[in-house]
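Hello,

Here is the structure I promised to hand over. Please have a look, then read the notes below.

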Amino acid sequence: MDKDILIIGGGIGGLTAALALARRGYRVRVLEAAPEFGAIGYGIQLGPNVFHMFERLGLSDAVLRVSIVPRALVMLDALDGQEVACVPTGESFEARFRHPYIVLHRIDLHHVLLDACKALAAIELMPSTAAVSCEDLGEHLGERVRVRSKDGRIFEAAAVIGADGLGSATREQMFGEGAPHFIGYVAHRTIVPMERVPAGVRRDDVVLWGGPGYHIVHYPLRQKTLFNIVAVFRTSTYAEKGELAGHRAEIERTYRDAQPAMKSLLAMMDLERRWAISDRDPIRHWHRGRVVLLGDAAHPTVQSLAQGACMAIEDSVCLAETIHAAKGDFATAFRRYESARLLRTARVQLESRALWPFYHAEGIARDVRNATTAQWSEDDMFRCLAWLYDGFALPTEGEKSQPRAQAGSRH
């Protein structure tokens, strides 16, 4: 009974944690609020650092089968169309970072994780189970945690992991912080068939068009049969629901000076739904008693580095390993997990914030940015990314598995 764990949230982080714990001998129940386990149907980018975790879980081949390795990560200036920066992701990239940079459909990644979980008897997947409260019963009541679902069911376990994302109810109950920090930007997402993509639009790269207060990201999916497009922009109406006609008019005003290729992509987008972009400040502690957070519930970030899912996956494996090493001492396991993950995830949060105005520079700041990046070489770009893409050494592995030295990082 001291080896059973509840996970609140059946997304990428929750399923990865379930898999990592089950492989270490724990019985896991994953509580998911939705009627079925699934994912929002858009693209996702994963850096080479995540493959250190996939290898441990035996998932690398399955993930690669549903992924595309782009030719490069490219930033273009939205006003003049010139290349601002480029990270080649071919042979030299893989030689340096030992693993590829990939893009894939979020649903496909979710299915890889879900299939792996279903193959293990130690994992019970529980859809239509929205957790609304956690109660640490303390040592006098068997050192258990009690979770109550929205429909009144009660679950108990030795520990609870809150993997319930940016709007985490688990975190809110623990810390009572209120809503996350909205940054005044929104995102529209869509996927179109590749044959509809206009001529002249790069189809083999991950492209970010950066403009004054807006950007567009696009890349291929599913054997290059689909094209993923994300439009992001600053707006005073970020908190308003809005309607299609209003969204369309706002897009046209915002991107009026953008390159024709960008406008042709915007014309194809489904603008019915939009997401207000937010994050939170880094915090030092992600646990209370026998309840702990991971992924966006612990350290939500804006999307500048495309590392939200990667950090959740790293968290999940790290947490499973510290729990296993602590042999049932959850307080020690959770402290060690926090210590191992804090600075890396906080740096992702803070550098993502710092990159946001870099992508959206205007006026003289744009001129300075473009002149500066024109001097960057491939080696400069690789050194800039080394702290992130070299991967994460689990605290239970000691010195023997430290990633290669990161000396010389300049940015």
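**What was found**

Of the 411 residues in the chain, 53% are buried (under 20% relative accessible area; exposed is over 50%, partly exposed in between, with a 1.4 Å probe and protein chains only). This is a predicted model, where local features need pLDDT of at least 70, side-chain atom pairs count only at pLDDT 80 or more, and totals for chains, interfaces and linings use all residues. Residues are numbered from 1 along each chain as its sequence is written, and side-chain values use heavy atoms, with hydrogens and water left out.

**The whole chain**

The chain holds 12 helices and 19 strands. These are DSSP runs numbered from the N terminus: helices are H or I with at least four residues, strands E with at least two. The radius of gyration is 22 Å, close to the 22 Å from the globule rule for 411 residues, so the chain is as compact as a globular protein of that length. That radius is taken over C-alpha atoms, and the rule is 2.2 Å times the number of residues to the power 0.38. The C-alpha trace spans about 65 × 50 × 35 Å along its principal axes.

Contacts mean heavy atoms within 4.5 Å. Among those between residues at least 6 apart in sequence, 74% join residues at least 24 apart.

Three strands form an open sheet in the order β3-β7-β4, with antiparallel pairing. The edges are β3 (43-46) and β4 (67-68); each has a single partner strand, so one side of each is left without a neighbour in the sheet. Strands pair if DSSP finds at least two bridges between them. β3 and β7 (residues 102-105) run antiparallel and are joined by 4 bridges. In this pair, Ile 44 stands opposite Leu 104 of β7.

**Around helix α9**

Helix α9 covers residues 308-326 and includes Thr 322. Is Thr 322 buried or exposed? Thr 322 is buried, at 1% relative accessible area. Beyond its neighbours within four places in sequence, Thr 322 is in contact with Ala 333, Arg 336, Tyr 337, Pro 395 and Thr 396.

Now the loops. Most residues other than glycine have a negative phi. Ala 306, not a glycine, has a positive phi of about 50°. Ala 306 sits in the loop between β19 (291-293) and α9. Lys 327 is not a glycine either, yet has a positive phi of about 55°. The loop between α9 and α10 (330-359) holds Lys 327. Lys 327 counts as exposed, at 73% relative accessibility.

Best wishes
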